[in-house]
Amino acid sequence: MPAQTALDFPIENHNHVWKNELFGFLNQIIDRILEIPMEKIEDFAKIVFNHKSEIIGQLTLGLIKKQFGHFFEQEYCDCPVCGKTIKYHANNVKRKVEILGGGFELLRPYFYCRKCKKGFYPLDEALGLASSPKQYDIQDVEAWLSSELPYKTAEETYERTTGNPLSNGHMHETTNKIAERLEITDVCPTKAEIEQAINEISDNSFRRPVMMLAIDGAHAPTRPAPSPRKGKRGKGEWKEVKGFRLYLINGKRIVHLISWHQVQNDRKLAADLQTIAEAGLIPEDKVRLCVIGDGADWIWNRTAELFPTAKVVLDFWHCSEHLHETANAQFGKGTPEAMELVETSLTRLFDNDLDNVIAELESISPSSATAEEKIRGVIGYLLKHEQGVNYGKAKRGGYQIGSGAIESANKFIAHVRLKRSGAWWYPSHANNILKLRCAKYNGTYDRIIKKHIEFDRQETYPSATSIHCKNL
Ligand SMILES: [Zn+2]
């Protein structure tokens with residue numbers, strides 16, 4: 001890359017000079033390209049692709065010079081801390097700038113205030129450059145790819161498609177940096193967006209639409225973060241990813257609102273639910289809220305505390321599986337008697353006739369100790385979930401009775417990325433990937449990237465100056 005500086009030309013000619021430089025550079029590149037033999041389309045494509053980073057880089061630099069030419073030859077500047085006017089400390093200080101399309105070298109003056117012991121580059125601040133050579137458009141793609149693919153594959157994908165090098169270590173670091181600051185509300189739609197979705201699905205019908213809150217756990221391979229003292233890798237263990245999915249239903253229409261999954265305990269999940277409820281994202285006055293889940297106690301304990309008036313549904317398939325197991329233990333797997341017990345029980349549950357389901361189960365004389373244990377177990381289970389097994393009534397009310405929606409979200413959000421052979425995740429890193437995947441699913445990915453840019457910029461340029469160019 002020819003070293004070019006804006007300092008070689010007088011300030012009044014800026015507008016012409018940057019263009020002349022750019023065309024001069026393009027001329028050189030074209031001459032260089034013409035020396036290479038090209039026959040098939042792939043030859044042409046490859047040669048242009050191999051030069052595109054340099055071309056895009058120089059075009060970008062030219063446009064920056066057009067806009068910010070004065071910053072390249074700035075001699076004096078006010079210290080952003082004390083306001084004192086100081087002369088540049090060094091001229092032509094070089095840094096690398098990499099963008100998604102290519103890269104270039106930036107030569108710009110450096111200022112140092114002795115009194116404040118603070119150094120600064122006015123041009124960097126004017127452009128809002130990231131401290132890493134890799135700018136925010138690259139960081140966006142790093143997080144996007146590595147939340148889909150293992151880091152090594154993500155790195156290769158990036159390199160093959162952009163032609164520019166990237167280390168998987170940088171991807172890992174960027175991805176975690178972007179995600180670790182995110183809170184649940186960052187990856188959720190806003191209150192206004194939720195309300196708009198509710199209005200749209202309500203469709204002037206006199207009943208409030210159903211809002212389903214499906215809660216479930218899945219397992220992810222984790223290992224503890226290395227202890228700073230021993231520095232050894234911890235042993236792998238499976239930990240539960242607890243999550244929920246919130247969606248609206250009106251007849252056959254389903255509108256997804258929020259998915260949130262984290263390696264965490266039920267108290268933390270409950271705190272997350274409380275956070276979004278307080279943010280107005282579960283407006284119980286505008287919807288008919290319904291909690292659906294399997295038989296796991298933590299689900300029902302936490303939601304009873306949080307949403308005491310919500311409708312509850314015990315996942316139909318989970319309930320039916322329990323009945324099958326009991327009937328099989330009593331009558332033998334797949335026997336007509338077993339089938340009949342299951343069919344009758346489920347039909348009765350659809351008729352809201354739990355009493356007779358229990359009565360029939362109680363009337364059975366157990367065929368074995370296992371059968372006895374199963375029968376006692378399923379009676380306790382049905383009584384415990386008495387409110388959640390009136391399937392007929394739930395269906396007529398427009399509620400869903402199966403938790404397939406959360407199971408597919410679990411598969412899509414957690415399993416697809418976390419369950420890779422040989423991958424054992426630190427819980428914090430697994431959670432970072434999950435946050436990014438939830439943001440994608442919830443339609444808030446671009447928003448979290450914007451937030452990352454704001455955050456990172458504030459950290460890079462904390463004095464948030466309005467740096468003045470003294471020689472203008
Ligand atoms: Zn100062």
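The zinc ion sits in a tetrahedral site, with angles of 105 to 114° among its 4 donor atoms (tetrahedral here means four donors with all angles between 85 and 135 degrees). Please keep in mind that this is a predicted model, in which local features need pLDDT of at least 70 and side-chain atom pairs count only at pLDDT 80 or more, while totals for chains, interfaces and linings use all residues. Residues are numbered from 1 along each chain as its sequence is written, and side-chain values use heavy atoms, leaving out hydrogens and water.

**Zinc site**
- Cys79, Cys82, Cys113 and Cys116 each supply their SG atom, at 2.2 to 2.4 Å from the zinc ion (donors are N, O and S atoms within 2.8 Å of the metal, or 3.2 Å for Na, K and Ca).
- Along the sequence, these donor residues follow the spacing C-x2-C-x30-C-x2-C.
- Cysteine 79 is buried, at 3% relative accessibility, whereas cysteine 116 is partly exposed at 25% (buried is under 20% relative accessible area, exposed over 50%, partly exposed in between, with a 1.4 Å probe and protein chains only).

**Glutamate 155**
- Glutamate 155 belongs to helix α5, residues 151–162 (helices are DSSP runs of H or I with at least four residues, numbered from the N terminus).
- Because its relative accessibility is 10%, glutamate 155 counts as buried.
- Leaving aside residues up to four places away in sequence, glutamate 155 touches Leu166, Ser167, Asn168 and Met171 (contact means heavy atoms within 4.5 Å).

Conventions
Helices (H or I, at least four residues) and strands (E, at least two) are DSSP runs, numbered from the N terminus. Four donors count as tetrahedral if all angles lie between 85 and 135 degrees; four count as square planar and six as octahedral if opposite donors are over 155 degrees apart and all others between 65 and 115; anything else is irregular.
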